[in-house]
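Here is a friendly note to read alongside the structure. Keep the 3D view open and look up each residue as you go.

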Amino acid sequence: DRFRRRRATCSIGRPEDRTKGSRLPHEATLIATFAEGFVFAFAFGYVADRLRLPPLVGYLVAGIFVGPFTPGLVVDGELAAQLAEMGVILLMFGVGLHFSAADLLAVRAVAVPGAISQILLATLVGIGLTQIWGWSPGAGLVFGLSLSVASTVVLLRALEERNRLDTPNGRVAVGWLIVEDIAMVLALVLLPAFAEMLGGHAAGTADAHAAPASVGAVFLTLVVTLGKIAAFAALAFLLGPKAVPWLLARVARTGSRELFTLSVLALALGIAYGSAEVFGVSFALGAFLAGVVLSESRFSHKAAAESLPLQDAFSVLFFVSVGMLFDPSILIRAPLSVLAVLALIIAGKGLIAFTIVLLLRYPVDMGLVVAAGLVQIGEFSFILVGLGSSLGILPAEGRDLVLAGALLSIVLNPLVFAAADALQRRWRAVRPAGAIAFGRRRYEALERELVAIKRRNEEREKARALKLQALLETLPVLALVESRDQEELLLLFRPKTATPGERVIRRGDRADGMYFIAAGAVEVLVSGRTIRLEAGAFFGEMALLSGERRNADVTAVDYCQFLVLDRRDFGKFISRHPKLRAALKEMARQRHEMNQRLSADAAATQGRSGDAG
């Protein structure tokens with residue numbers, strides 16, 4: 001039942017429309033969805049770029065073209081929506097990788113009160129608009145909530161295109177949306193409990209005369225929901241920083257890039273799905289927290305690089321799926337209503353967000369960036385109107401108006417950002433002193449905190465880079481490894497120490513690994529001769545390459561620090577780096593020839609001693 005209810009909340013299109021025009025067998029539906037979605041998204045996206053429009057406009061038009069409301073090809077809407085959800089999950093996971101918990105805490109003073117106030121005010125305006133249309137208060141509540149929350153996907157794309165994601169203004173906007181997402185999770189859980197009170201019916205039934213839920217039941221639902229979210233966050237931040245990096249370290253040691261990529265996807269999708277099933281939070285929020293947890297480990301950059309291509313591909317399907325839900329006839333049937341919805345999303349929400357930022361005593365620049373980023377609606381809006389329709393609260397016209405507002409606001413969002421930039425320049429030109437002074441203290445305090453967080457992260461990365469650089473300077477032979485794989489050495493090496501006089505390798509032993517001397521010195525006894533090796537040298541590779549037993553004794557003559565490459569890791573690592581393998585083989589050959597000469601010289605010396613005797 002829970003699975004069916006979730007399917008009902010996420011499916012917005014009409015069932016008959018989703019199957020309309022299906023010509024392929026069930027087994028080929030997934031392939032057809034991918035092929036048609038990507039092909040038409042590429043075609044229309046390229047045309048949009050040539051027309052100097054954002055490519056996402058082309059993706060939305062591609063969705064309209066393959067949607068059920070236009071003639072021609074029709075893609076499976078339900079399947080496309082699920083694929084688009086994967087794009088949202090991967091995108092939120094990527095955001096979490098670059099947005100640490102410290103960043104969230106740094107912007108809480110503006111993001112938390114700002115998001116909550118904006119949701120309340122925008123919802124009230126939405127309710128007032130629906131009262132003019134003669135809708136019920138319950139329908140107005142669902143409608144207003146769906147217009148109050150912005151699309152994370154659209155905001156992130158807009159900030160990334162303008163290089164503002166890492167600025168204080170960008171951080172505030174992202175934190176603002178995260179608070180909105182959490183609020184929408186509560187709304188999605190509580191809406192079924194209040195369905196009868198709002199003029200609908202209970203989830204999974206069509207009985208409008210069913211007994212409404214009691215106040216105690218509603219309160220219990222709220223407590224349980226908040227408890228689940230708190231439990232998930234606590235589990236993520238307490239257990240995640242230990243378990244997730246440990247797992248990725250084990251995978252990274254295998255040396256398999258595809259296995260590491262698979263582990264990243266498994267963590268992102270697995271945590272997102274598990275959080276939705278066990279704790280009742282959204283897929284997007286679960287994936288975001290998974291990325292935040294991983295951002296504290298040394299694998300964050302590698303995980304981001306591995307998941308980026310899939311993020312881009314599936315986020316395209318998100319925009320295509322939005323276009324598929326849009327019924328263009330609403331523009332003819334209710335043009336004034338569409339304009340009213342668009343005015344509420346762009347002018348109403350923008351003015352509300354801008355005013356809230358100024359009331360919180362932050363600069364005009366921040367208010368304009370936050371306002372421009374929030375004047376569109378997206379994924380949570382679709383889920384809300386889908387749930388409201390399935391519960392009988394929201395009429396079909398409300399769903400079409402929300403989708404029309406979403407599509408048009410997403411298309412117009414780049415123009416809104418351009419207008420915000422123009423207003424910023426105008427404000428600075430007219431009031432240069434005021435532009436700097438207003439909200440200066442709060443903004444500078446926030447900027448200092450974010451800079452301090454960024455500096456700590458950079459110092460951590462710098463320390464890792466210096467460690468790798470020192471390793472390469474000490475062991476020049478490792479410079480033969482490709483730069484993108486050099487950091488993997490830090491994972492593969494096992495540290496080991498030895499005191500003076502300690503036997504490191506015994507002649508006749510099985511080869512257990514290759515030793516790199518990071519500090520100290522050793523003596524190698526071979527064929528009766530002693531060879532001294534110091535920091536920067538290595539030994540033990542000959543037996544690994546030949547598969548034979550050790551042919552020399554190695555003894556520490558100083559306090560030594562070794563980096564040991566185990567037999568299994570040695571074989572895998574040199575197989576992927578032919579230059580290093582060739583260099584080691586050449587050095588092993590030279591050492592073998594030298595050992596043979598030493599043996600021959602020793603035998604000749606012993607022979608001459610015997611003749612003299």
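1. **An aromatic cluster.** Phe40, Phe44 and Phe65 form one aromatic cluster. Please keep in mind that this is a predicted model. The count of aromatic pairs comes to 11. One of them joins Phe40 and Phe65, whose ring centres lie 5.0 Å apart with 45° between the planes, a tilted arrangement. Phe40 sits in helix α3, residues 29–50, and Phe65 in helix α4, residues 55–66, so this pair links parts of the chain that are 25 residues apart.

2. Phe44, at 25%, counts as partly exposed. Phe65 is partly exposed too, with a relative accessible area of 36%.

3. **A nonpolar patch on the surface.** Which residues form a nonpolar patch on the surface? They are Phe42, Tyr46, Val47, Leu51 and Leu53, and together they have about 550 Å² of accessible area. Take Phe42 as your example: this residue is found in helix α3. Its relative accessible area is 62%, and since exposed means over 50%, Phe42 counts as exposed.

4. **The largest nonpolar core.** Now look inside. In soluble globular proteins, nonpolar side chains tend to be buried together. In this model the largest nonpolar core has 138 residues, and the members that touch the most others are Phe143, Trp176, Phe319 and Val370. Helix α10, residues 168–193, provides the largest share of this core, with 13 residues. Leaving aside residues up to four places away in sequence, Trp176 touches Val110, Ala111, Gly114, Ala115, Gln118, Ala353, Ile356, Val357, Val370 and Leu374. Another core lies apart from the largest one; it has 17 residues, including Tyr515, Val522, Ala537 and Cys560.

5. **A look at Leu368.** Is Leu368 buried or exposed? Leu368 counts as buried, with a relative accessibility of 11%. This residue is found in helix α18, residues 364–374. The contacts of Leu368, not counting residues up to four places away in sequence, are Phe354, Ala420, Leu423 and Gln424. Between Leu368 and Phe354 the C-alpha distance is 6.2 Å, and the two are 14 residues apart in sequence.

6. **A look at Val112.** Val112 lies in helix α7, residues 108–133. With 35% relative accessibility, Val112 counts as partly exposed. Along the chain, Val112 and Val172 are 60 residues apart, and their C-alpha atoms are separated by 9.8 Å.

Technical notes:
Residues numbered from 1 in each chain as written. Predicted model: local features only at pLDDT ≥ 70, side-chain atom pairs only at ≥ 80, totals over all residues. Heavy atoms only, no water. Phe/Tyr/Trp six-rings, centres within 6.5 Å; stacked < 30°, edge-to-face > 60°. Helix = DSSP H or I, 4+ residues; strand = E, 2+ residues; numbered from the N terminus. Buried < 20%, exposed > 50% of the residue type's maximum accessible area, 1.4 Å probe, protein only. Patch = residues over 30% accessible without salt bridge, like charges linked within 9 Å, V, L, I, M, F, W, Y side chains within 5 Å. Areas by Shrake-Rupley, 256 points an atom, 1.4 Å probe, with all protein chains shown as cover. Salt bridge = Lys/Arg side-chain N within 4 Å of Asp/Glu carboxyl O. Contact = heavy atoms within 4.5 Å. Core = buried A, V, L, I, M, F, W, Y, C linked by side-chain atoms within 4.5 Å.
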